Amino acid sequence: MTDTLHEHADPELHEGEKLVEMVNVGKTYGAIRALKGINLTVKAGEVTCVLGDNGAGKSTLIKIISGLHPHNEGELLVDGKPVSFSSPRESLAHGIATVYQDLAVVSLMEVWRNFFLGSEMTNGTYPFAGLKIRDMKRIADEELRKMGIVVKDIDQPIGTLSGGQRQCVAIARAVYFGARVLILDEPTAALGVKQSGVVLKYTAAARDAGLGVVFITHNPHHAYLVGDHFIILKLGEAVLDKKRSEVGLDELTRQMAGGDELTELSHELKRPGS
Ligand SMILES: Nc1ncnc2c1ncn2[C@@H]1O[C@H](COP(=O)(O)OP(=O)(O)OP(=O)(O)O)[C@@H](O)[C@H]1O
């Protein structure tokens, strides 16, 4: 375990427990309003999907939860207590791990080294500390297998894995290091159908392990495969906020495609005589 995780958080996860809440959260960058009146709840054992087009405010929302940019309106609560993070380290200390689309991995380093990057296991004390290489290899291998991720060789450079596999290693790593909330930033955006399927499987595995997952995407089909709750952002505001039981894939797709605006556009573009 890293010494930074769980400093503030109760390590026990209880299904349905509210881990992170945004209450009427807003964010402005100078005169630019990026988010307004956002309400979002991340529960243990659930996937909350945040959908939206370019510029909708998805990255801003991630940055607030992951401690990169503080919000300037409303409240952010972790385990029911108001917080305002001033660094990603603080967010991590509350058990919130963010997996970015452009993963911070060292391509030429082995899979196991990347798994433990920044949290290496050592024995002895400085300046005589040594790396527990054998233990780290074994644990990385075990943890990846536990999530059903098969890499041919734990010693192979992580750069030789596919984009989907690298995302999965990052998810397994966050789960191993005790994340309670996992934020996935468009994890399937750059992937083909098969690799997206692999990532969606591990997203579900993290949910089944009891974590609260925030899945950011612009793909309603991917969202609907794993989501329990859906929020669509548009120009910084939530235009849809529904539980799975309240919304079907059709409505989600229609709303993402532009909803009523698209119907209006289709009328405008109608060819004469058709
Ligand atoms: N650092 C910043 N300074 C000024 N404006 C910003 C900043 N970051 C984002 N914005 C603005 O806030 C709005 C929301 O942007 P954001 O990046 O959160 O959207 P997004 O949904 O993540 O879009 P994309 O999918 O293109 O990344 C946009 O109008 C954007 O121009």
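Visitor: Ground rules before we start?
Guide: The model is predicted: local features need pLDDT of at least 70, side-chain atom pairs count only at pLDDT 80 or more, and totals for chains, interfaces and linings use all residues. Residues are numbered from 1 along each chain as its sequence is written.

Visitor: Which order do the strands take in the six-strand sheet?
Guide: The order is 6-9-10-3-11-12. This sheet is open, with mixed pairing. Strands (E, at least two residues) and helices (H or I, at least four) are DSSP runs, numbered from the N terminus. Two strands pair if DSSP finds at least two bridges between them.

Visitor: Which strands stand at the edges?
Guide: Strand 6 (96-99) and strand 12. Each has a single partner strand, so one side of each is left without a neighbour in the sheet.

Visitor: And how are neighbouring strands turned there, on average?
Guide: By 15° against each other, direction ignored. Axes are lines fitted to C-alpha atoms, for helices over the stretch in contact, and angles run from 0 to 180 degrees between N-to-C directions.

Visitor: How many bridges for strand 9 and strand 10?
Guide: Five, in the parallel sense. Strand 9 covers residues 181-185 and strand 10 covers 212-217. Isoleucine 183 stands opposite valine 214 in strand 10.

Visitor: What packs on that sheet?
Guide: Helix 6 (residues 193-208) does, touching strand 3 (47-52), strand 9 and strand 10. Its direction makes about 155° with that of strand 10. Contact means C-beta atoms, placed from the backbone, within 7 Å. Helix 8 (residues 249-257) lies across strand 3, strand 11 and strand 12, at about 15° to strand 11.

Visitor: How do strand 11 and strand 12 run?
Guide: Antiparallel, joined by six bridges. Phenylalanine 230 has lysine 242 in strand 12 as its bridge partner. Their hairpin has two residues between the strands, and leucine 235 takes a positive phi near 45°.

Visitor: What about the four-strand sheet?
Guide: That one is open too, in the order 2-1-4-5, with antiparallel pairing. Strand 2 and strand 5 (81-83) are its edge strands, each pairing on one side only. Neighbouring strands are turned by 30° on average, direction ignored. Strand 4 (residues 73-78) and strand 5 share three bridges, and valine 78 has lysine 81 as its bridge partner.

Visitor: Asparagine 39, then: why does it count as partly exposed?
Guide: Because it has 13 C-beta neighbours inside 10 Å. Buried takes 20 or more other C-beta atoms within 10 Å, exposed 12 or fewer, and partly exposed lies in between, with C-beta atoms placed from the backbone. Asparagine 39 is in strand 2. Beyond four places in sequence, asparagine 39 touches Met22, Val23 and Asn24.

Visitor: Which residues have the most contacts inside the largest nonpolar core?
Guide: Ile171 and Leu182, in a core of 68 residues. Helix 5 (residues 163-176) gives the most, with eight residues. Such a core is a set of buried Ala, Val, Leu, Ile, Met, Phe, Trp, Tyr and Cys residues joined through C-beta atoms within 7 Å.

Visitor: What does isoleucine 171 touch?
Guide: Val99, Leu182, Tyr202 and Ala206, leaving out residues up to four places away in sequence.

Visitor: Now the ligand. What surrounds it?
Guide: Among others, Tyr29, Asn54, Lys58 and Thr60. Helix 1 gives the largest share, three residues.

Note on methods:
Two residues are in contact if their C-beta atoms, placed from the backbone, lie within 7 Å. A residue is near a molecule or strand if its C-beta atom, placed from the backbone, lies within 6 Å of it.
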